[in-house]
Amino acid sequence: MHAAVTSCKTPSEAPSERRAKALVALAGKLQTYGYGFTTVTPLTHAYNNERQGNRWAEDLRDVFGWSRPFLRELVAPDDFDLMLQAGILRPWAEGWRSSIRWSSLGDLLLSHSAYPTSSAESVFFGPDTYRFVNAVQDWLNNHQPALVRAADVGCGSGAGAIALARSQPRCEVVAVDINPQALHMTRINAQVAAVGNVIPKLGSLLDDVEGTLDLIIANPPYMMDAQERAYRHGGGELGAGLSIQIVEQALGKLAKGGTLLLYTGVAMVRGTDPFRAQLQQLLHSSDCHWQYQELDPDVFSEELRRPEYASVERIAAILLTLTLN
């Protein structure tokens with residue numbers, strides 16, 4: 001039985017504004033507590049939560065990192081009230097669960113969907129996010145560009161857009177996603193990071209982004225998902241559909257000398273790389289130069305048990321760097 005909990009509300013604020021304000025305040029509280037959490041793969045997450053003694057949360061890392069249910073008395077009254085105001089409390093047996101997680105990325109604290117990410121509107125964050133942001137940051141550090149306008153395609157939690165915006169404070173960074181919940185998380189995370197040059201935009205890839213761009217970054221879904229969930233399903237041949245579309249659109253959106261940084265996963269078949277072969281065919285007559293780097297030879301190996309991957313030997317994480325001449 002869950003007791004009713006009340007909170008003070010400012011009449012002039014819309015419900016969505018109150019929820020966002022409470023979520024930002026909650027993030028601030030977590031930062032003062034020294035909260036930190038590294039988000040792992042879903043399989044590693046499951047293994048940890050299945051261990052004896054991990055059924056219920058014992059601290060805030062368990063609540064907001066491992067997505068474990070918690071008893072009311074574990075959370076300070078002020079923090080519980082912020083969770084209530086933010087609309088992230090979900091009843092669970094005799095306790096509660098949070099509908100979001102908070103993950104650390106350097107000194108950033110980023111909100112995203114709780115484990116497991118089973119909903120079609122889930123906002124995913126995981127090891128791919130770390131590799132993606134690190135790749136973007138490495139490129140920025142090595143090239144020291146003076147960017148005016150950039151875009152993060154399929155921004156999700158906004159991790160890439162926010163990291164880029166902090167490195168390039170004079171650059172307008174358009175954060176595009178087809179999922180309204182992803183844009184909500186991006187807005188919250190940008191506020192927590194005190195970044196004001198991220199512009200969230202609802203849309204499919206670069207379809208609704210006007211004008212040219214100096215830099216496009218993207219970490220699109222690349223899995224073959226039978227449910228075709230937006231945060232996970234890449235479509236096309238072996239999940240590469242969205243990645244190919246981004247490359248095609250980037251050729252028409254980049255300014256001269258502009259760069260695309262595409263982090264994606266590739267299903268390798270009998271020692272061959274089908275995605276690279278598609279790129280070679282697509283780009284052979286384009287006025288650009290590109291580099292293709294395999295960052296991790298083996299990710300999400302558990303997917304190989306699924307029938308969709310019957311012909312796949314491994315899934316590799318790659319980085320495509322394409323620059324218009």
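## Leu 164 and its contacts

Leu 164 touches Leu 140, Leu 147, Ala 150, Val 173, Leu 215 and Ile 217, leaving aside residues up to four places away in sequence; contact means heavy atoms within 4.5 Å.

The model is predicted, with local features needing pLDDT of at least 70 and side-chain atom pairs counting only at pLDDT 80 or more, while totals for chains, interfaces and linings use all residues. Residues are numbered from 1 along each chain as its sequence is written, and side-chain values use heavy atoms, without hydrogens and water.

## Helices H5 and H6

The axes of helix H5 (residues 127–143) and helix H6 (residues 159–167) come within 9 Å and cross at roughly 25°. H5 is therefore roughly parallel to H6 (angles under 35 degrees). Axes are lines fitted to C-alpha atoms over the stretch in contact, with angles from 0 to 180 degrees between N-to-C directions. Helices (H or I, at least four residues) and strands (E, at least two) are DSSP runs, numbered from the N terminus.

Thr 129, Phe 132, Val 133, Gln 137 and Leu 140 in H5 meet Ala 159, Gly 160, Ala 163, Leu 164 and Ser 167 in H6. By class, this contact has 6 nonpolar, 4 polar and no charged residues; Gly counts as polar.

## Nonpolar cores

A nonpolar core is a set of buried Ala, Val, Leu, Ile, Met, Phe, Trp, Tyr and Cys residues joined through side-chain atoms within 4.5 Å, where buried means under 20% relative accessible area with a 1.4 Å probe, protein chains only. The largest has 45 residues, and Leu 105, Ile 162, Leu 164 and Leu 215 have the most contacts inside it. H5 gives the most to this core, with 7 residues.

A second, separate core of 31 residues includes Val 174, Leu 254, Ala 316 and Leu 324.

Methods. Parallel < 35°, antiparallel > 145°, perpendicular 65-115°, else oblique. Buried < 20%, exposed > 50% of the residue type's maximum accessible area, 1.4 Å probe, protein only.
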